[in-house]
Amino acid sequence: MSNLAPMAFKIVLFVPLLVAAMALPLADAQLGNLLPPLLGLFRIQGTVFCTANGTVSVGGIAATPVFPNATIQLQCGAGNGVSTVTANASGVFSILLDPLHFLLSSLLTGCRLVVTTPLATCNASLPPSGVLISALQFFGTTLVGALSVINVTPVGFTLQV
C-alpha cells in the first residue's frame, strides 16, 4: 500500500500539467495570437510625411516630402509616454517593445502614436500648432530564428489642434 502513495502523487502532478499543455495551443488559437510570445518583441514602424495629415498625398503630381527628425511618442492610457523615438532623415521610425509588458490587444486599443515636433518645422506653410496622431494596427508576425517579431504600424496620422 505504501508504494501507491508516490504513484498517486505523480498522477496528481502529471494530469494538470498535461491539461495545461493541451489547453495552451487552443487558448492561443482562440485569442488570435494576442498572447505575447516567450521569445519575441513588438515592433512599431512607419514613416511620417510632412503634410497636414502626415501621410502620402493621393493623386498629387509632386512627391510627398517626408518629415525628417520628427519626434514620435508612443502614448498609452491617459496619454502616458511609453517610448519616444526620432525619425531618421527619410521620416522612418521604429519602436521596439518587450511583449512581457503589453498585450497586443491593449497596445492596439489603448495606445497611439503622437508626433510632438510641430509641423511648421518641416514646412513653414503648415499649421504651427497641433500634433499628428495615429492609432495602431496589427501588420503581421515575422519569425527571425527563434525570435517572433509582432509588427504594428500606424493606421494613418491626422492633425489634431
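I call a residue buried when its relative accessible area is under 20%, exposed when that area is over 50%, and partly exposed in between, with a 1.4 Å probe and protein chains only. The model I looked at is predicted, so I kept to local features with pLDDT of at least 70 and to side-chain atom pairs at pLDDT 80 or more, while totals for chains, interfaces and linings use all residues. I number residues from 1 along each chain as its sequence is written, and side-chain values use heavy atoms, with hydrogens and water left out.

**Entry: L39.** I looked up L39 and counted it as exposed, because its relative accessibility is 55%. L39 lies in the loop between α1 (4–30) and β1, where helices (H or I, at least four residues) and strands (E, at least two) are DSSP runs numbered from the N terminus. Leaving aside neighbours within four places in sequence, I found L39 in contact with A146, L147 and S148, contact meaning heavy atoms within 4.5 Å. I also noted that the C-alpha atoms of L39 and V149 are 8.9 Å apart, although 110 residues separate the two in sequence.

**Entry: the sheet.** I then traced an open sheet of four strands, in the order β4-β1-β8-β7 and with mixed pairing; two strands pair if DSSP finds at least two bridges between them. I marked β4 and β7 (136–144) as the edges, because each has a single partner strand and so has one side left without a neighbour in the sheet. Neighbouring strands of this sheet are turned by 25° against each other on average, direction ignored. Between β7 and β8 I read antiparallel pairing over eight bridges, and I noted S148 in β8 as the bridge partner of L143.

**Entry: the core.** I next looked at the largest nonpolar core, which has 27 residues, and found that I44, I72, L74, F93, L107 and L113 touch the most other members. Such a core is a set of buried Ala, Val, Leu, Ile, Met, Phe, Trp, Tyr and Cys residues joined through side-chain atoms within 4.5 Å. Two or more residues of this core come from each of β1 (40–47), β2 (71–76), β4 (92–97), α2 (104–110), β5 (111–115) and β8 (147–154). For L107, again leaving aside neighbours within four places in sequence, I listed contacts with F42, I44, L74, L97, F102, L136 and V152.

**Entry: T158.** I found T158 in strand β9 (residues 158–160) and counted it as partly exposed because its relative accessibility is 39%. Its contacts, apart from neighbours within four places in sequence, are N53, V131, L132 and I133. The C-alpha atoms of T158 and L132 are separated by 5.2 Å, with the two residues 26 apart along the chain.

Note on methods:
Axes are lines fitted to C-alpha atoms, for helices over the stretch in contact, and angles run from 0 to 180 degrees between N-to-C directions.
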